[in-house]
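I opened the notebook to log what I looked up in this structure. My entries follow in the order I made them.

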Amino acid sequence: MNSYRKLVSSKGSAKVDSDENDLESGIERLLDQLQQEFHRLRSSLRAKQEHASLLDDFREFDRTRLDLEEGADSSDQALLREHATINRSTGQVDTVISKAQATLGTLVFQRSTFGGINSKLTNVSSRLPTVNHILASIKRKKSMDTIILSLVASVCTFLIFVYWLTK
C-alpha cells in the first residue's frame, strides 16, 4: 500500500513539474513575441520621427520661400525675414556638424577596436606557430582567390568587348 501511495505521489509531482515546465515555456514564447513586437514598433516609431523631421524642414523652407514671394512691406521686414532665414540655416548647419562629429567619434572607436583585434591576432600568431601557419595559409588562399576572380573578370570583359566589336 505504501509503494502505491509513493507511485501516485510521484506521478502527481511529475504532473505538477510538467505543468510548470509547460507554463514556463508558454511564458517564454509570449515574452519572445512581445519583444519582437516591441522592436518592430520601436523601429516604426523611429522611421515616423525621421519622416516628421524631414517634413518640418521642408515646411520651414516652404514658409521662407512664401515670405520672399509675398514681397517686402518695408526694408525692415525684409531684413528681419532674412535674419530669421540665416538663423534657421545656422541651426541646420549646427545639426549637420553635430551629426558629423558623432559619426567621427563612432568611426574612431571602430578603428581602435579593429586595431586592438589586429594586435591581438598578431600576438597570438607570434605565440602559437600553428595559428601563424593557419593565418598565412588563409592569406595565401585569399590572394589566390583574388587573382582567380580578377582573371575571370578580365576574360569576361574581353569576350564581351570582342562580341560587341563583331556585332
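How many helices and strands does the protein have? I found three helices and zero strands. The model is a predicted one, and I read every value with that in mind. Along the sequence I noted the pattern α-α-α.

Next I looked up burial. Buried residues make up 2% of the 167 residues. I took buried as under 20% relative accessible area. For the accessible surface I wrote down about 15000 Å². Carbon and sulfur atoms hold 64% of that surface.

Then I checked the aromatic rings. I logged one aromatic pair in the structure. The partners are F161 and W164, with 6.3 Å centre to centre and 35° between the planes.

Where do F161 and W164 sit relative to each other in the helix? Both are in helix α3, residues 129-166. They are three residues apart, so about one helical turn separates them.

F161 is partly exposed, at 45% relative accessibility. W164 is exposed, at 62%.

Last, I looked for surface patches. Which residues make the nonpolar surface patch? I listed V155, F158, L159, F161, V162, W164 and L165. The patch covers about 750 Å². L159 counts as exposed because its relative accessibility is 51%, and the cut-off for exposed is over 50%.

Technical notes. Residues numbered from 1 in each chain as written. Predicted model: local features only at pLDDT ≥ 70, side-chain atom pairs only at ≥ 80, totals over all residues. Heavy atoms only, no water. Helix = DSSP H or I, 4+ residues; strand = E, 2+ residues; numbered from the N terminus. Buried < 20%, exposed > 50% of the residue type's maximum accessible area, 1.4 Å probe, protein only. Areas by Shrake-Rupley, 256 points an atom, 1.4 Å probe, with all protein chains shown as cover. Phe/Tyr/Trp six-rings, centres within 6.5 Å; stacked < 30°, edge-to-face > 60°. Patch = residues over 30% accessible without salt bridge, like charges linked within 9 Å, V, L, I, M, F, W, Y side chains within 5 Å. Salt bridge = Lys/Arg side-chain N within 4 Å of Asp/Glu carboxyl O.
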